[in-house]
Amino acid sequence: MKLSRQFTVFGSAIFCVVIFSLYLMLDRGHLDYPRNPRREGSFPQGQLSMLQEKIDHLERLLAENNEIISNIRDSVINLSESVEDGPKSSQSNFSQGAGSHLLPSQLSLSVDTADCLFASQSGSHNSDVQMLDVYSLISFDNPDGGVWKQGFDITYESNEWDTEPLQVFVVPHSHNDPGWLKTFNDYFRDKTQYIFNNMVLKLKEDSRRKFIWSEISYLSKWWDIIDIQKKDAVKSLIENGQLEIVTGGWVMPDEATPHYFALIDQLIEGHQWLENNIGVKPRSGWAIDPFGHSPTMAYLLNRAGLSHMLIQRVHYAVKKHFALHKTLEFFWRQNWDLGSVTDILCHMMPFYSYDIPHTCGPDPKICCQFDFKRLPGGRFGCPWGVPPETIHPGNVQSRARMLLDQYRKKSKLFRTKVLLAPLGDDFRYCEYTEWDLQFKNYQQLFDYMNSQSKFKVKIQFGTLSDFFDALDKADETQRDKGQSMFPVLSGDFFTYADRDDHYWSGYFTSRPFYKRMDRIMESHLRAAEILYYFALRQAHKYKINKFLSSSLYTALTEARRNLGLFQHHDAITGTAKDWVVVDYGTRLFHSLMVLEKIIGNSAFLLILKDKLTYDSYSPDTFLEMDLKQKSQDSLPQKNIIRLSAEPRYLVVYNPLEQDRISLVSVYVSSPTVQVFSASGKPVEVQVSAVWDTANTISETAYEQMMTKEDGKHHEVNVQFSWYGTTIKRDKSGAYLFLPDGNAKPYVYTTPPFVRVTHGRIYSEVTCFFDHVTHRVRLYHIQGIEGQSVEVSNIVDIRKVYNREIAMKISSDIKSQNRFYTDLNGYQIQPRMTLSKLPLQANVYPMTTMAYIQDAKHRLTLLSAQSLGVSSLNSGQIEVIMDRRLMQDDNRGLEQGIQDNKITANLFRILLEKRSAVNTEEEKKSVSYPSLLSHITSSLMNHPVIPMANKFSSPTLELQGEFSPLQSSLPCDIHLVNLRTIQSKVGNGHSNEAALILHRKGFDCRFSSKGTGLFCSTTQGKILVQKLLNKFIVESLTPSSLSLMHSPPGTQNISEINLSPMEISTFRIQLR
C-alpha cells in the first residue's frame, strides 16, 4: 500500500488526464503548466491556441474513425492471443498507440507449486448431503400435503416416548427489522423501545421466563437512553440465563447480496459493542428472515466462535425433502473444506414461516390457537377461523393435548427427542399485555403437561442455546462412538421459493443504485480504516493533538454502523418502502462524505514532510477526493482541478496490498497539461475530451467482440433484452421475479449514437440507447487492467412499465447447463440450469463474479455491484441490471418498485485459456477463480483514489511517497481490513487494530505469463518482521474473527500462517 504524489500542470478547458502509476499505496505528484515562454503573459492568445488544439484533436478523431474501429477489434484479438500464449515480447499486446515505452519488461507470476494442490484436492468428498445432488433428486412437483400444505401427513405411535421423554424448548423472540415499512428510528420510537422496557420488567417477574434478541443496532440505541438500573437489570437477566443475545451482529443481514467485507464488519461492530457494554459473547446464530442462506455466513459465524446456528427461509421443496430424510439438523461444512474444521451445527426450521402458526407443528390452524395475542377482542385473529382460548383449569387438559400433538408430530421430522418451538413474530412483545398473555397461558400449559407423567414430555421456556445444549447432549452418546447422528451438508440455499413458482430472485437486483453505492461505501470505509490507523500511530508518535483530538474516530464508527445497517435483509435487498430507502441512502451518503474527509486528512498527515506543521494547516488545505456525489440519489461526478501558474499536488492512493499498474483519470482545466512524478520525471498522459452530451462521432454500431485463438475466431457478443411480468394474478415485485417468458430483444427505432475514442493508454466505444449508455473500454497496458475488457452501463428505465432490463453475453464456450457464481465475494458455488425449474428459479445472486467454461476456456463476468445472474443457454451469461415494477408482490411491502434512479453498473469481461483440465473434475461441487480473476475483481472494487490539495500552497512540502508495506503481500492474500479497535472505556479509539487477512483459493490451470501481477505466492506464510516498512510491530496476536475470543495460551507471533480460503483476525499494535 502506498501514497504517492504527482505534479501536474493545467489550463482552461475540461479534459481528462490519465496517469500511469506503479505505486503500492499513496503517490504524490505535481500538476504543472508546460514551461513554454510563448504562453506567459498572453492569456487570450493561449486560450485561442488551446481552442485550436481542441478543434484539431476532434478533427483527427473524426478522420480516424474507421481505422479506430478496426484497431479496437484488433486489440481484442491480440488480447485473446495473450490469453493463448502470453505476450511474445515486452511490447504491448495491442496494436497502434499502445504506448509500449510505458511498460515494464516481460512479467511472469511466481506461484509456489504447493499452492496449486488445494484447488485440485478440494471438493467436499466427505459430505453426506450435497445441495447440487439434492436439486437433482427433487422433482419440484408441489403436491397438496394436507394440513401441512407443502409437506406430508405425519403420524406417530403413542409409546414412542416411553423410554425417553420429548424435551420441548419454547423460545420467545421478537423479530425487529432495522427498517422496512418504517425507518429504523421510527420503528425504535414506535415499537422496539417498548419491547426492551417491558422485557426488563416482565422477565424479572418469573425466573422461568426466557427471551432472545439478535439486532444490536436496536439494543445499542436503547442502551444510550436508559439509566444504570435498567442496564444492570439486563446484565442480570443475561447472567442468570433468562435473556440470550443470539448472533450479535449489528443486524440480521441478507446473505445473497452483501460482500463478505460488510458481513464481517457488522459482526465485529455488534460483538465489540456487546463486549464493551455488557460483557457477553454470543454462542448461537439466529437467521429467521434472510431470503435464502449462504454457507459464507456459516463460515463467518464459525470463525467468530459460534458453535450453532438456525436458518428458516429455504425452498419449500428442499424443506420437505430434508424432513422426509430427517436431515433438518446437520453439520454445515464448506464445499472446499478437506477436513471438518468449518463444521457448524445448523437447525433448519421445517415449516412455511417463523410466526407462531407455523412453528408449533405442521397444522397452522391449530398452532394459531396458541398465539395468545390473537385472542378474541384483539386487533387481529387467526385467518383459519378458529381463535385461541384463554387457558383455565376447565380447558387446560384438552388444550395441552392438542398442543402436545403438534409438538410430537413436529419432533418426528428430527433425529432426537429434543424439540425447538419458537414463539414470536415481527415486533412482538411490544405491548405490556402480550407478555402476560403469552407467558401466563403457556406456563399453565407447561405446568399441566409436566405434571402428567403419561404425556412423557418435559416442556419449558428456553433460550436458543438452552435448546442447542440439550441437542448436543442428545448427540453425546453417538459422538462417543465416533460418529454424530447428524449428517454433514455442503452447499447453499438459493434460490428461495416460499410457495408455487414464487422464486425470490427479483431482490438480487432490486434498487441496484444502492447496491452499487453500498460497494463504493465499502471501498471507502476500508480505505479510510487503513489510512486512519497508520495516521493515528504517526499522530501519537509526533504528538499531533489536532489529529488525536479530532472527531474522526466517532465519524468512522458512525460510518461502520451505517454500512452495517444497510446489510439488513430489507435494506441492501431493495425491499423496503420508498422513504425507508431514502433514509438508508441518506445515511450512506453522509458517511461517504465523512469517509472522504478521513481519507484526505489521514493521507495528508502521512505524506506531509514535516509532521509537526500539521496543526498549522486548516482542513481547507487538506486533500480533496476526485469524485463528489451531490445527493443520496445522484451519480458521483468528477471534480475539475482548476489550476493557476503554481504547480498542484496530485496524491494517488492505492488501497490494495499489491503493486499495480493502473490508470488514474482526473478532470483538469487545460488540455495542455504536464504531469511529473515526485522525482521530477515526466509521466505519460492521454488527454481525452470530456463530453457533456452524446454527440455522435461515428455512425457505425459496435455490436460484437472477436478474439482470435489458434487461427479461429472466438465470438463474444453483448446484447440487451427486456423481461416483462406474467399475466397471472401474482406478478413480479421487489422480492419476486415472475417473468412473462423468455427475455425479448432490446429493439430501438432509431440507430444509437456511437462515439469512439482512441488513445495511447485506452480506447473506448460508447453507444447511446434510449435506456442504456453502453461503454466498452480497452486498456493498452500490460498491467491487470490490460487483461480484460471494461463494460460500463448507465441505465435509466424511469419511464418504462413493468419491465426489467438485462445484459446478455454470448460466446461459443460449450458450458452446457453449468455455470458458476460467487457467494458474497468469498467463494464460488457451481450452478446447474435445470429445465424442470421455471426460468426465475435458475437466477442466482452474483456479488462479484460469474463464469462459464469448457475444457479450453473460461469466460468470467466480473461485477462491481450485486445483481441477479443466470446462464439459460450454453455459452451465455445474463445479468439483470434494473427492474421497474408497478405492483406489490404480496410479501408485505405493499408497493412496487417505481423509485428507479439513473444507475451505473460496472463490469469486466475476462477470457482465459484453461489447461490440463480433467472433465470429471468439472462435476465437482467446488470451483475457484484464477489469481488474475481474483485481483481483477479487487482492482474493480478498490480503485486507486486520486486526491488534489484544495488550494495551492507555496510552503506545503509533501514526501514523494508513503509506503507502509515493505513489499506486496503474496498474490493470494488480501488485506480485508485494518480496523482500529474501540477503547474499552468511552467511545474513543484504543492503540490496537484488527488486522484481518484472507488467503484466497485459486485455480492454477491458467497461464500466469504477462498477467501484470507484481507478486508471488508463499504457501500462506508472512514474516511479521518483513510486513511493515514505516512502523514497528509491538504486538501481533491471533484472535477469533470478531475479536470475541483469543486462542488458549495466546502470545505474540513472528510468522502469520494462513490456510487456503482462511479468513483470520489478529490484534496488532504498531508504534
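In which loop does Thr495 lie? Thr495 sits in the loop between strand S14 (488-490) and S15, where helices (H or I, at least four residues) and strands (E, at least two) are DSSP runs, numbered from the N terminus. The peptide bond that leads from Phe494 to Thr495 is cis, with omega near 0 degrees.

Before we go on, a word about how to read this structure. Residues are numbered from 1 along each chain as its sequence is written, and side-chain values use heavy atoms, with hydrogens and water left out. This is a predicted model, in which local features need pLDDT of at least 70 and side-chain atom pairs count only at pLDDT 80 or more, while totals for chains, interfaces and linings use all residues.

The pLDDT is the predictor's confidence in each residue, from 0 to 100. For the protein chain the mean pLDDT is 88, and 87% of its residues reach 70 or more. Over residues 7-25, however, the pLDDT is below 50, and over residues 57-107 the pLDDT is also below 50. Where pLDDT is low, the predicted coordinates should not be read in detail.

Six strands form an open sheet in the order S4-S14-S10-S11-S9-S8, with mixed pairing; two strands pair if DSSP finds at least two bridges between them. At its edges are strand S4 (129-130) and strand S8 (284-287), each of which pairs on one side only. S8 joins strand S9 (residues 308-311) in the parallel sense over four bridges, and Ser284 stands opposite His308 in S9. Helix H9 (residues 295-304) packs on this sheet and touches S8, S9, strand S10 (329-332) and strand S11 (344-348). Here a contact means heavy atoms within 4.5 Å.

Next comes an open space. On a 1 Å grid over the protein atoms alone, a cavity is a set of points where a 1.4 Å probe fits but cannot get out, and a pocket is an open set with protein on both sides within 12 Å along at least five of seven lines; lining residues have an atom within 4 Å of a point. The second largest pocket is lined by 44 residues, and Tyr352, Ser353, Asp355, Asp425 and Asp426 lie nearest its centre. Among the elements that give two or more residues to this lining are helix H5 (184-205) and strand S12 (418-426). Phe427 has a phi near 50 degrees, a positive value in a residue other than glycine.

Strand S33 (residues 818-823) runs antiparallel to S34, and six bridges join them; the bridge partner of Tyr820 in S34 is Pro830.

Strand S34 (827-832) and helix H19 (931-941) each supply at least two lining residues, and H19 gives the most, with four.

Definitions and conventions
Axes are lines fitted to C-alpha atoms, for helices over the stretch in contact, and angles run from 0 to 180 degrees between N-to-C directions.
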